Amino acid sequence: MTHLPLDQQLLDSCAALLLLLSFAMLSQRRIVTLVNLYAVQGAVLAAATLLLAWRTGEDHLYLSAALTLALKVAFLPWLLHRLIRRLEVYWDTEPLLNVSGTMLAGLVIVVFAFALAQPITRLASTATRSAVGIAVSVVLLAFLMMITRRKAMSQVVGFLSMENGVFFGAMSASYGMPMVVELGVALDVLVAVLVLGVFFFQIRERFESLDLHHLESLKEHE
Amino acid sequence: MALLLLLLLPVAGAAVLGVIGAHRRAPEVNALFSLGTFLAACALTAQVIRHGTVLLGDEQFFIDPFNVFLVALTAFVGMTTALFSRPYMRVELDHGRLSPGRLRLYHSMYQLFMFTMLLALTTNNMGLMWVAMEGATLSTVLLVTLYRTPGSLEAGWKYFILCGVGIAQALFGTILLYVAAGKVLGAQGMTALLWTHLDAVKAQLEPTVLALAFVFLLMGYGTKVGLVPLHSWLPDAHAEGPTPISAVLSGLLLNVALYAVVRSKVLVQGALHSQLPAQMLMGFGLLSVVLASLLLWRQRDIKRLFAYSSIEHMGIATFAFGMGGAIATFAALLHMTVHSLTKSSIFFTAGHAAQKAGSQAIEQIRGLITLSPTVGWGLMLGSLAILGVPPFGVFTSEFLILTTAMREQPWATPILLAALAVAFAAILSKVQPMVFGETTVRRLPHPPALLPVFAHLAIVLLLGVYIPPYLAEWYRAAAHLIGGP
């Protein structure tokens with residue numbers, strides 16, 4: 001058994017933490033806690049980026065870590081909390097699949113994700129390539145969360161968590177994307193959340209609730 | 001220079017209209033900015049015709065015959081739609097469906113949407129293309145919900161979430177592409193996402209990872225093309241948003257998304273030495289054609305009807321790109337052009353018709369021709385054109401696609417023919433009573449904008465009868481670029 005260097009071990013723990021957080025989000029029904037979990041996920045992501053930056057000496061990763069910290073740990077959670085208070089949505093209703101069922105589905109997804117990540121892991125030359133499987137799991141678990149939730153707010157957190165997974169994948173497989181692209185993606189995420197904020201108020205003004213079952217009338221057989 | 005103008009004019013337009021968008025003359029300002037963009041697109045096209053493929057701005061922008069024709073088309077339809085939206089939005093304002101504030105939002109976002117699409121088309125960077133595609137969704141979400149009706153909110157939400165998830169898959173695909181390219185082009189280079197560089201080394205890229213990347217890219221951008229089974233946002237967004245937005249979504253956004261799919265396919269096909277991408281495109285294309293033509297029968301809303309028809313036609317183009325080869329690719333490009341022109345002209349007339357009848361329900365729209373012969377005939381001719389009746393251009397492209405399919409993929413030909421026949425019967429049986437018979441419609445204070453409708457139909461007719469040699473040359477060069485010799 002070879003000893004891994006400390007920074008490698010730390011990075012691996014970050015990856016493991018991300019996966020754990022994904023499962024925690026999957027089972028969480030309190031929306032405020034969900035947003036907090038999202039903020040923690042962002043913080044772990046920023047820490048992993050920082051470690052990687054220090055390890056590889058890539059300057060753009062420092063910037064990327066700062067961006068993650070500012071956007072995903074501070075600004076977006078603040079905005080979401082504000083929205084929650086203004087809209088008074090604190091709890092999601094019973095999900096479409098019960099918690100234990102969701103967890104089991106999540107486990108299957110993780111196995112599948114690692115199988116999917118195999119060829120990428122083989123190709124990538126980065127020290128962190130083993131984490132690609134975790135990144136794919138985070139993406140797919142977020143997807144599962146979006147499918148099983150009813151409240152618009154939980155779906156949005158799922159969407160943002162999916163973006164975290166994609167971002168972590170980019171980092172572990174190729175030490176991030178070119179800076180222009182990363183900035184562009186960050187801008188898009190920011191605008192997306194702002195648009196959603198406006199959008200939520202429109203939904204609420206119309207239905208006086210953020211429950212998505214109101215939004216199911218456009219069916220084929222009317 | 002032309003490129004700079006092309007991209008800066010819509011941004012400037014968005015800023016200016018963000019301030020004065022509620023002014024009485026704002027629709028004219030909107031049209032003027034679109035006209036400027038179109039002129040810039042013409043200048044750019046002339047430049048490409050004279051000098052061939054150009055790389056600009058530190059290789060970040062790249063114009064070849066394939067995308068320049070889409071740039072010209074996008075700018076042209078953007079301009080005619082701005083002309084159409086002048087009387088249309090005034091009537092909506094008079095009917096109290098809109099407030100001046102929302103009109104400002106509409107005008108500003110319209111320009112921003114044009115910008116994101118032109119950026120997606122002209123950029124050489126696969127990452128920036130992703131950013132622009134996501135920007136196109138974001139700029140139109142609030143336009144789909146412009147009327148704030150329950151239906152429009154639902155449509156907007158569906159549009160946002162489905163395209164958001166889709167586009168996240170595409171981002172993952174883009175990352176995989178970057179990882180695979182990093183191996184060959186150097187991991188930290190800015191060049192590893194530039195399409196021209198990827199294209200140059202595509203034979204050396206790792207096949208398994210590229211196959212995986214293509215699945216993600218196709219899922220992502222395919223959602224925006226409206227490929228079945230990822231299409232469910234499309235009819236809702238088309239039916240619930242204002243009609244000018246339906247016209248640009250159908251006529252332009254779907255094309256730009258298909259452009260992204262085809263660009264990815266060129267790379268992956270080059271790396272794979274197998275038929276996987278081609279087969280996936282053909283499969284999804286055929287599925288979309290068949291399902292959409294069956295669903296056409298069930299539609300009761302005029303805009304939903306033509307939204308499903310868009311899914312069908314995007315399916316045909318996707319199928320043709322999947323077949324590959326010079327003729328099929330040529331036909332697919334022609335099909336993208338004529339579909340975009342015809343479909344937007346149909347949405348123009350459908351919009352006017354719905355306003356005159358006071359409803360989008362097909363049953364409420366009757367006898368357009370008695371009160372307004374031009375709108376009636378516009379709708380009839382547009383429908384005939386989109387159904388592939390000769391001598392319109394859609395006939396030419398569908399004919400080419402079918403004959404190629406007979407030779408290359410004989411199994412698919414009867415399926416395609418049957419689907420086209422079903423679509424023909426479905427649309428014609430629904431459009432015919434809307435145009436002829438007893439009338440239910442009334443006159444409106446603002447005369448309809450008919451110039452865009454008939455200009456589009458005239459071009460489609462022209463393309464059906466006679467394709468000018470330089471245009472044919474242009475399509476051939478583009479087909480050569482993406483479909484092999």
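**View 1. B:Val268 sits in helix α10 (residues 243-272) of chain B.** Helices here are DSSP runs of H or I with at least four residues, strands are runs of E with at least two, and both are numbered from the N terminus. This is a predicted model, in which local features need pLDDT of at least 70, side-chain atom pairs count only at pLDDT 80 or more, and totals for chains, interfaces and linings use all residues. Residues are numbered from 1 along each chain as its sequence is written, while chains are lettered from A and ligands numbered from 1 in the order in which they are written.

Is B:Val268 buried or exposed? B:Val268 counts as buried because it has 27 C-beta neighbours inside 10 Å. (Buried means 20 or more other C-beta atoms within 10 Å of a residue's own; exposed means 12 or fewer; partly exposed lies in between; C-beta atoms are placed from the backbone.) Setting aside neighbours within four places in sequence, B:Val268 is in contact with B:Leu210, B:Ala211, B:Ala213, B:Phe214 and B:Pro277. Contact means that the C-beta atoms of two residues, placed from the backbone, lie within 7 Å. B:Thr439 is 171 residues from B:Val268 in sequence. In space, the two are 54 Å apart, C-alpha to C-alpha.

**View 2. B:Leu176 and B:Ala213 have the most contacts inside the largest nonpolar core.** That core has 258 residues. (A nonpolar core is a set of buried Ala, Val, Leu, Ile, Met, Phe, Trp, Tyr and Cys residues joined through C-beta atoms within 7 Å.) Helix α6(B) gives the most to this core, with 22 residues. Which residues does B:Ala213 touch, leaving aside neighbours within four places in sequence? They are B:Gly173, B:Leu176, B:Leu177, B:Ala180 and B:Val268.

**View 3. Chain B meets chain A through 41 residues of chain B and 37 residues of chain A.** On the chain B side, α5 (126-144), α6 (150-185) and α8 (207-225) each supply at least two residues. The largest share, 20 residues, comes from α6(B). This side of chain B divides into 24 nonpolar, 10 polar and 7 charged residues. (Ala, Val, Leu, Ile, Met, Phe, Trp, Tyr, Cys and Pro count as nonpolar; Asp, Glu, Lys and Arg as charged; the others, Gly among them, as polar.)

**View 4. Helix α2 (residues 31-56) of chain A has 26 residues.** From first C-alpha to last, α2(A) reaches 37 Å, close to the 38 Å expected at 1.5 Å a residue. (The expected span is 1.5 Å times one less than the number of residues.) A:Gly57 follows α2(A), and its phi is positive, near 70 degrees. Among the elements of chain A, α2(A) has the highest mean pLDDT (90), and helix α7 (residues 179-207) the lowest (81). (pLDDT is the predictor's confidence in each residue, from 0 to 100.) For chain A, the mean pLDDT is 82, and 89% of residues reach 70 or more.

**View 5. Chain A has 7 helices and 0 strands, whereas chain B has 19 helices and 2 strands.** Of the 222 residues in chain A, 44% are buried. In chain B, 63% of the 485 residues count as buried. The C-alpha trace of chain B spans about 65 × 55 × 45 Å along its principal axes. Among contacts in chain B with a separation of 6 or more, 82% join residues 24 or more positions apart.
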